[in-house]
There are 2 protein chains.
Amino acid sequence: MATRTRRPRQRQEPLSRERIVSAAVALLDTVGEGGLTFRALAERLTTGPGAIYWHVTGKTELLAAATDAVVAPAIAGDDADATPQEAIRALALGVFDAIDAHPWVGTQLARASWQPPMLRVFERIGRQVQALGVPEAAQFTAASGLMNYILGVAGQNAVNTRTAEPGTDRTEFLDAVATAWSELDPDQYAFTRNVAGQLREHDDRAEYLAGIDLILTGITARHRASG
Amino acid sequence: MATRTRRPRQRQEPLSRERIVSAAVALLDTVGEGGLTFRALAERLTTGPGAIYWHVTGKTELLAAATDAVVAPAIAGDDADATPQEAIRALALGVFDAIDAHPWVGTQLARASWQPPMLRVFERIGRQVQALGVPEAAQFTAASGLMNYILGVAGQNAVNTRTAEPGTDRTEFLDAVATAWSELDPDQYAFTRNVAGQLREHDDRAEYLAGIDLILTGITARHRASG
DNA sequence: GGCGTGCCTGGAACATCGTTCCAGACGTAG
DNA sequence: CTACGTCTGGAACGATGTTCCAGGCACGCC
């Protein structure tokens with residue numbers, strides 16, 4: 001009988017950190033944030049909850065790893081031949097699209113900035129801010145301003161997709177909110193009522209970019225010869 | 001014996017929604033987000049968990065009510081005689097200070113925008129954006145840009161105070177992060193290393209306001225005669 | 001005065017979660 | 001063949017949000 005020594009356990013596959021993280025991502029994508037359970041994860045991997053803890057310290061680390069696994073590739077582009085503005089826009093869009101594809105990432109990014117994924121974003125933004133000619137003393141302010149805006153939108157997108165019931169479409173949800181807005185008290189909420197229509201029609205992505213541009217305009221306008 | 005008819009139950013006080021909410025705020029302030037438990041809350045009110053559910057539908061509503069109770073008074077000022085910029089700054093500072101005093105509010109605001117507290121902020125910001133002379137088509141973008149920035153900072157403040165161990169001071173925490181930054185790989189994280197010093201010295205409040213000003217500059221610069 | 005009715009209480013119980021524990025299977029080195 | 005360290009997975013623990021329900025209390029009606 002041939003030696004079966006080289007088989008990697010005769011189980012299907014030997015359960016590794018990578019397999020766990022990718023199963024977690026799949027679970028999060030299909031069942032949402034609340035669906036990531038060590039028991040559900042164990043079932044998906046045909047094992048028990050205890051086995052997972054051998055490869056991962058806990059849920060916090062697992063979520064961080066899952067987030068990094070999704071965001072890292074999304075922001076990996078080169079800014080070689082692009083204006084600083086274009087590079088920042090591209091970077092911001094990378095984050096946006098990652099969240100759009102995996103809504104749970106929004107919550108996670110907002111909760112765990114200063115960790116690998118967002119730290120990478122911060123570094124990339126900072127370099128472009130430098131390239132923009134912002135004086136050194138103002139670079140931190142400019143970069144973290146952009147970061148905070150991005151994180152704010154991240155959280156909002158997460159909220160919007162979480163609030164919407166699983167079945168309903170995103171446009172239905174916006175429609176519902178817009179309708180609620182237009183029924184607010186005309187005295188107390190004059191402005192909100194007024195822009196309810198714009199909320200209904202607006203394009204998330206475009207609006208997001210417009211916000212980025214607003215900040216970029218502010219940054220460049222302030223640090224120019226005669227501003 | 002005098003009639004004891006008019007006494008409001010001879011228990012201490014008859015347990016009302018207000019009493020529950022204010023106990024929840026007190027609990028959140030002392031023990032943090034994770035400390036708000038229906039059991040702990042019941043003990044504080046010398047009752048059982050079940051009684052609370054008669055006045056409040058669940059934890060979500062309780063958190064929302066607690067947040068509103070803290071934020072509503074914090075943003076209740078009149079913008080009568082102030083420039084739009086000043087009014088927006090004052091409003092933003094109101095939110096900031098509320099979060100500073102009650103860190104759990106940050107998480108909550110970021111999670112539940114489009115609800116009473118943040119809706120009020122949105123309305124107030126919107127009016128000032130109007131007063132700024134922003135054309136109608138761009139008002140929604142400007143107002144939600146500001147909102148998203150505020151919500152981003154809200155989330156970050158919450159993260160910063162949550163991450164820091166209960167005992168450590170905030171400056172210690174910043175110091176630790178700054179040190180970690182300055183020990184990053186010089187090639188991969190040149191910019192981040194560079195601004196580590198600014199992170200250590202920076203004033204949260206001032207930095208926050210600077211971000212607001214950046215966006216305000218962007219808004220006004222864009223919508224001016226020859227922009 | 002009795003007495004039912006409905007608001008409100010609070011303790012027990014349930015389902016589920018993150019996490020820990022541990023007996024044992026597996027492959028490898030001696 | 002045996003001993004050991006790696007890895008498994010099911011059971012069990014403590015805590016949580018929530019539901020259930022038997023009972024207490026004040027008030028309105030006879």
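Predicted model: local features only at pLDDT ≥ 70, side-chain atom pairs only at ≥ 80, totals over all residues.
1. **Relation of the copies.** Chain B can be superposed on chain A by a rotation of 180° with 0.0 Å of shift along its axis, and the RMSD of that superposition is 0.1 Å. The two copies are thus related as by a two-fold rotation axis.

2. **Extent of the contact.** On the side of chain B, 42 residues are in contact with 42 residues of chain A. Helices H6 (104-111), H7 (116-131), H8 (136-163), H10 (190-201) and H11 (204-222) of chain B each supply at least two residues of the side that touches chain A. Among these, H8(B) gives the most, with 14 residues.

3. The residues of chain B on the side that touches chain A divide into 20 nonpolar, 17 polar and five charged. Because 100% of the interface residues of chain B are also interface residues in chain A, the copies meet through the same surface.

4. **A loop residue, B:Ala82.** In chain B, B:Ala82 lies in the loop between helix H4 (59-74) and helix H5 (84-101). B:Ala82 counts as partly exposed because it has 15 C-beta neighbours inside 10 Å, whereas a residue would need 20 or more to be buried and 12 or fewer to be exposed. If residues up to four places away in sequence are not counted, B:Ala82 touches B:Ala87 and B:Ala90.

Terms used
Residues numbered from 1 in each chain as written. Chains lettered and ligands numbered in written order. Helix = DSSP H or I, 4+ residues; strand = E, 2+ residues; numbered from the N terminus. Contact = placed C-beta atoms within 7 Å. Nonpolar A, V, L, I, M, F, W, Y, C, P; charged D, E, K, R; others polar. Least-squares fit on C-alpha atoms with pLDDT ≥ 70 in both.
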